[in-house]
Amino acid sequence: MSDFVPPMIDGVSPSTIYLEKLVTPPADLFTFLCQKFPHVGMQEWRRRFDDGLVFWEDGKIATMDAPYVHGRSVYYYRFLEDEVVVPFAHEVLYENDRFMVVDKPHFLAVTPGGEYVRQTLLTRLKQQTNNPDLSPIHRLDRETAGLILISKDVKTRGIYQSLFSDNAIHKTYHAIAPCNADVAFPMDVCLHLTRGEPFYTMRVDVNAPPNSHTLIHQLETRGDWAKYELHPTTGKLHQLRVHLNHLGVPIKNDPYYPKVKHKARGEFDAPLQLLAKSLSFIDPVTGEQMDFYSKRKLDF
């Protein structure tokens with residue numbers, strides 16, 4: 001087995017794919033990758049090969065006409081020529097040998113995917129620290145600003161991930177949404193969330209048992225708007241956005257709820273008014289109480 005470990009390039013770690021046994025193998029590696037990832041496009045794959053961004057597992061650069069060989073693995077780097085620059089900066093609020101707490105801006109995706117690779121929090125942090133082992137311990141939407149916990153050490157990563165799976169971490173969010181005089185706060189919202197249409201949204205199934213819970217307080221009001229404080233005990237995709245929308249108070253500038261409204265690429269003038277405001281937990285390694293607060297504020 002090869003000891004080759006592909007390096008990061010400008011903070012970007014390579015992806016890898018194992019070449020499975022196929023009934024009808026493709027003519028070559030280039031054809032396979034184009035068929036496997038049709039959304040990337042032949043021109044982009046050709047550029048990656050030309051730039052030497054596709055490697056075999058032993059570190060040798062792969063060529064476009066290389067044969068498809070069952071049992072081998074291929075590393076490849078994803079770089080997008082027309083990636084939109086996200087003009088907002090993150091801030092590292094705290095770090096030790098095991099993790100860091102980062103205050104993320106709106107519009108910055110946490111991990112590479114889709115049309116964002118370099119313009120993601122993880123790539124920026126890897127480039128900043130030169131640590132390829134960085135990994136987010138929990139999820140935070142691209143549209144949401146605020147605190148996220150980043151693992152620095154592979155050996156202790158699972159211990160901190162268990163804080164979330166065991167509900168041993170307390171998260172507080174702030175949101176700006178309309179007032180609704182018909183809803184009495186504080187309120188416990190318990191709903192069953194499932195995949196919606198389009199597939200990247202969520203919907204409420206009123207006929208199924210609850211699988212999500214959020215305690216919601218109304219902190220203050222200004223005219224037709226209110227600031228809400230949300231305490232989730234579960235972590236379903238878009239949970240807070242769906243819960244508030246279900247109460248008739250969708251979060252200000254939400255591009256998905258109540259209706260999907262796609263923004264133009266590079267449009268940064270109306271951030272979702274949702275902020276991961278605080279994280280509190282007992283450090284499972286040291287036993288120390290840890291409390292962190294975002295420096296960011298919402299447009300209220």
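Across the whole structure, a search finds 21 aromatic pairs, where rings of Phe, Tyr and Trp (its six-membered ring) pair if their centres lie within 6.5 Å, and planes under 30 degrees apart count as stacked, over 60 as edge-to-face and the rest as tilted. One of these pairs is formed by Phe-55 and Tyr-77, which is edge-to-face, with 6.1 Å centre to centre and 75° between the planes. Because Phe-55 lies in strand S2 and Tyr-77 in the loop between S3 and strand S4 (91-95), the pair ties together parts that are 22 residues apart in sequence; strands (E, at least two residues) and helices (H or I, at least four) are DSSP runs, numbered from the N terminus. Phe-55 is buried, with a relative accessible area of 15%, and Tyr-77 is also buried, at 0%, where buried means under 20% relative accessible area, exposed over 50%, and partly exposed in between (1.4 Å probe, protein chains only). Ring pairs link Phe-55 and Tyr-77 with Phe-4, Tyr-75 and Phe-79 into a cluster.

The model is a predicted one, in which local features need pLDDT of at least 70 and side-chain atom pairs count only at pLDDT 80 or more, while totals for chains, interfaces and linings use all residues. Residues are numbered from 1 along each chain as its sequence is written, and side-chain values use heavy atoms, with hydrogens and water left out.

Strand S2 belongs to an open sheet of three strands in the order S1-S3-S2, with antiparallel pairing, two strands being paired if DSSP finds at least two bridges between them. Strand S1 (15-18) and strand S2 (54-56) stand at the edges with a single partner strand each, so one side of each is left without a neighbour in the sheet. From one strand to the next the twist averages 25°. Three bridges join S2 to strand S3 (residues 73-76), the two running antiparallel, and Trp-56 has Val-74 as its bridge partner in S3. The ring of Trp-56 also has the charged end of Arg-72 over it, 4.2 Å from its centre, a charge sitting over a ring if NZ of Lys or CZ of Arg is within 6 Å of the ring centre and within 35 degrees of the ring normal. In a further case, the charged end of Arg-48 sits over the ring of Trp-45, 4.6 Å from its centre.

Note on methods: Axes are lines fitted to C-alpha atoms, for helices over the stretch in contact, and angles run from 0 to 180 degrees between N-to-C directions.
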